[in-house]
Amino acid sequence: MNRTRLEKAFVSVWYSNRRPPFGLQLLSYVFRGASTFRRAAYRRGLLPSRRLTAPVVVVGNITAGGSGKTPFTIWLAKALRERGIRPGIVTRGYGGQARYWPRDVTPTSVAAEVGDEAVLLARATQCPVVAGPDRAAAAARLLDNESVDVIIADDGLQHYGLVRDFEIATIDGERGLGNGWLLPAGPLRETAARLDHVDCIVIKGDASRFALPGALSMTLDLPTARSLANESARSLESFHDSAVHAVAGIGHPEQFFAMLREHGLDVIAHPFPDHAALGVEDVAFGDELPVLMTEKDAVKLPAVNDERLWTVPAEARLPQAEAEDLLARIAGLVRVK
């Protein structure tokens with residue numbers, strides 16, 4: 001079974017009303033025990049946690065993928081910069097094959113070395129980015145080399161080796177927490193009770209569906225497409241005259257395809273596993289139709305002079321009052337520190 005089919009098989013279990021297979025249930029109990037022990041070990045000082053000189057804001061989730069974490073991280077970094085605060089970002093560098101970590105990431109870094117999300121964050125935010133599995137070491141490198149006021153730890157909710165001052169958990173409003181089981185029987189990395197201890201919950205979609213007082217609503221918009229050949233932009237509506245190929249190697253590719261269809265596009269969907277290592281051959285479909293892909297997929301491709309290839313950035317939007325309140329809370333941490 002290839003990776004795409006395997007992921008679909010797990011997702012069909014995680015987001016259904018069927019009880020998970022007994023073997024997965026047993027593994028889930030093992031995972032839960034290990035996760036609980038690990039967190040308790042950090043809490044009691046049995047495992048070391050490192051505090052840095054700059055405040056740390058963690059953005060993460062308790063489910064496996066597809067919660068809008070990366071678009072929200074980009075929104076947060078840009079919003080803080082607009083308020084005169086200098087953020088830096090640390091991220092795992094998932095999928096990167098670098099021989100040493102941590103690694104400084106720039107908009108021209110190679111995704112195969114430092115990870116696709118790391119390059120996307122550097123390009124989209126223009127903030128300093130350091131990637132590495134050890135978030136504390138990455139953050140220390142960031143502070144050694146850059147003047148930053150606050151560190152945003154992307155996908156760092158379960159990385160307790162880095163002391164955090166503010167935690168933000170993102171949730172997919174469509175899928176929610178799935179069947180409520182921990183991995184691999186369900187999508188949860190930690191139990192739902194973990195949400196009781198974060199500082200802010202951001203729900204991608206309609207927050208009113210959840211009994212989570214104070215949760216913020218976030219929507220994703222696809223305003224324009226950008227050419228990979230020359231950086232020109234055009235509206236999605238301008239693609240109505242033909243079918244389009246749509247490529248997505250993200251946590252929930254069907255959401256990308258659905259958003260394109262909401263703009264009236266005739267979509268030929270090509271889902272790939274999250275973080276799949278795409279090459280030019282993977283987006284060549286033997287015809288002249290446009291190929292639209294997520295930003296996360298576009299950063300994996302080398303420079304190409306192919307006018308059929310377009311990237312469609314997803315922009316996060318929050319209600320103004322909620323956004324201002326959240327940003328004020330984070331700005332307060334910077335002033336305190």
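Predicted model: local features only at pLDDT ≥ 70, side-chain atom pairs only at ≥ 80, totals over all residues.
Residues are numbered from 1 along each chain as its sequence is written, and side-chain values use heavy atoms, with hydrogens and water left out.

I placed Leu26 in helix H2 (residues 22-43); helices (H or I, at least four residues) and strands (E, at least two) are DSSP runs numbered from the N terminus. Leu26 counts as partly exposed because its relative accessibility is 44%, where buried means under 20%, exposed over 50% and partly exposed in between (1.4 Å probe, protein chains only).

Of its 35 lining residues, Lys78, Ala124, Arg226, Glu295 and Pro313 are the closest to its centre. A pocket is an open set of points on a 1 Å grid over the protein atoms alone, where a 1.4 Å probe fits, with protein on both sides within 12 Å along at least five of seven lines, and lining residues have an atom within 4 Å of a point. Helix H3 (69-82) gives the largest share of the lining, six residues.

I then went through the salt bridges, each a side-chain nitrogen of Lys or Arg within 4 Å of a carboxyl oxygen of Asp or Glu, and the count came to 20. Glu324 and Arg83 meet in one of them at 2.6 Å, N to O. Glu324 lies in helix H9 and Arg83 in the loop between H3 and strand S2 (87-91), so this pair ties together parts that are 241 residues apart in sequence. Glu324 is partly exposed at 35%, and Arg83 is partly exposed at 39%.

I also checked Glu117 and Lys296, whose side chains meet in a salt bridge at 3.1 Å, N to O. Since Glu117 lies in helix H5 and Lys296 in helix H8, the pair ties together parts 179 residues apart in sequence. Glu117 is buried at 12%, and Lys296 is buried at 9%.
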